[in-house]
Amino acid sequence: MRRASVSAAVLGALSLTASAQPAAAAAAGRLDAAVLAEVNYARTHPADYARELRKRAYVGGVVGDSEIGNEDVDALQDAIEFLMQQRPLPPLKPNEGLAEAARAHASAQGRTYQVGHTSPGGQGLSERLHSHGVWAGLAAEDISYGYQDPREVVRQLIIDSGVPNRGHRDNIFGAHYQAAGVSCAPHRAWRAMCVIDFAGAFVKR
C-alpha cells in the first residue's frame, strides 16, 4: 500500500551547476542530506518549526517574507496550527535503497518537462522501490519542484499550498515511516526538484 502526492512550486530556484561532475555530485549529496535533516528537525521539533514559520509571516494579514511570500495565507496558518498540535516523532533513518529509488526518478524526470510520480519510462513508485529493494509497511513519495534551498523545499511541502488533503505534510509526519531517502537534481522546466521516498522499513537488494 502506498500514498503519494506532488506539488509544483511557484518560485524558481538556482539550478545545480554541471560544469564539474564530481563537484556537482558532491553538492547534490550535501543537498540531499540537508533536506532529510530539515525533515527530521520538523519531525522532532514541530512546535519550534511552527514558531519559525510564524516569525516569517503575518498570518492574519499580509505574508511579508520573500521565502514564503507566495504561499497561501490560509495554508500557512493551517500548517502552523498543525505543527503546534503535532507531537514530536523520531527522526527518519537515511536509507540508501530509498535514496537510490529517489535518485532514479529525479535523474530520469529531471531531463524532461514532466512532473509527477510516474517516471518517463512508465514506472510508478512501487515499481521503482521494487527495483531497488523490499519494503515493509507503507511507502510514500513527496516531490518538490522549483526549490534548491533545503529549508524552502521542506517548508513548501509542510505548508502544502494548493494541496487540499495536505498529503506532503501527512507523509513528512507519518508516524509509521521510519526510513527515508532523498535525491535532488536539476529539472528542465522547474530548474530544480527534490524527491523524498518514505517507508516503514526498506532492505536494499
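## Close-up views of a predicted model

**View 1. The disulfide between Cys 184 and Cys 194.** The link of Cys 184 and Cys 194 is right-handed, with 110 degrees about the S-S bond, and, like every value in these legends, this angle comes from a predicted model. The two sulfur atoms of this disulfide, one from Cys 184 and the other from Cys 194, are placed 2.0 Å apart. Cys 184 and Cys 194 are both buried, and a search of the whole structure finds one disulfide.

View 2. The secondary structure of the protein amounts to seven helices and five strands, which follow the pattern β-α-α-α-β-α-α-β-α-α-β-β when read along the sequence. Of the 205 residues in the protein, 49% are buried. Among the contacts with a separation of 6 or more, 75% are made by residues 24 or more positions apart.

**View 3. Helix α2 against helix α3.** Helix α2 (residues 46-55) packs with helix α3 (residues 73-85) at an angle of about 155 degrees, and their axes are 7 Å apart. Because angles over 145 degrees count as roughly antiparallel, α2 and α3 are described as roughly antiparallel to each other, and their crossing is left-handed. On the α2 side, the residues in contact are Pro 46, Ala 47, Tyr 49, Ala 50, Arg 51, Leu 53 and Arg 54, and these meet Leu 76, Ala 79, Ile 80, Leu 83 and Met 84 in α3. Sorted by class, the contact of α2 with α3 has ten nonpolar residues, no polar residues and two charged residues.

**View 4. Helix α4 against helix α5.** Helix α4 (residues 96-110) and helix α5 (residues 125-132) pack with their axes 9 Å apart, at an angle of about 130 degrees. The helices α4 and α5 are therefore oblique to each other, and α4 passes α5 in a right-handed crossing. From α4, the residues Gly 97, Leu 98, Glu 100, Ala 101, Ala 104 and His 105 meet Arg 128, Leu 129 and His 132 of α5. By class, this contact of α4 with α5 has four nonpolar, three polar and two charged residues.

**View 5. Gln 109 in helix α4 and the residues around it.** Gln 109 has its place in helix α4, where it is buried, with a relative accessible area of 0%. Leaving aside residues up to four places away in sequence, Gln 109 touches Gln 114, Val 115, Gly 116, Thr 118, Pro 120, Tyr 145, His 187 and Met 193. Ala 185 is 76 residues from Gln 109 in sequence, yet the two C-alpha atoms are 9.3 Å apart in space.

**View 6. Gly 121 in the loop between α4 and α5.** Gly 121 lies in the loop between α4 and α5 and counts as exposed, at 78% relative accessibility. From C-alpha to C-alpha, Gly 121 and Gln 109 are 9.2 Å apart in space, while they are twelve residues apart in sequence.

**View 7. Ala 139 in strand β3.** Ala 139 is placed in strand β3 (residues 133-145) and is buried, with a relative accessible area of 0%. Between Ala 139 and Leu 125 the C-alpha to C-alpha distance is 8.5 Å, and these two residues are 14 residues apart in sequence.

View 8. Asp 160 counts as buried at 0% relative accessibility, and Arg 166 counts as buried at 17%.

Key: Residues are numbered from 1 along each chain as its sequence is written. This is a predicted model: local features need pLDDT of at least 70, side-chain atom pairs count only at pLDDT 80 or more; totals for chains, interfaces and linings use all residues. Side-chain values use heavy atoms; hydrogens and water are left out. Axes are lines fitted to C-alpha atoms, for helices over the stretch in contact, and angles run from 0 to 180 degrees between N-to-C directions. Helices (H or I, at least four residues) and strands (E, at least two) are DSSP runs, numbered from the N terminus. Angles under 35 degrees count as roughly parallel, over 145 as roughly antiparallel, 65 to 115 as roughly perpendicular and the rest as oblique. A crossing is left-handed if the near helix is turned anticlockwise from the far one by less than a right angle, and right-handed if clockwise. Contact means heavy atoms within 4.5 Å. Ala, Val, Leu, Ile, Met, Phe, Trp, Tyr, Cys and Pro count as nonpolar, Asp, Glu, Lys and Arg as charged, and the others, Gly among them, as polar. A disulfide is a pair of cysteine sulfur atoms within 2.5 Å. Buried means under 20% relative accessible area, exposed over 50%, partly exposed in between (1.4 Å probe, protein chains only).
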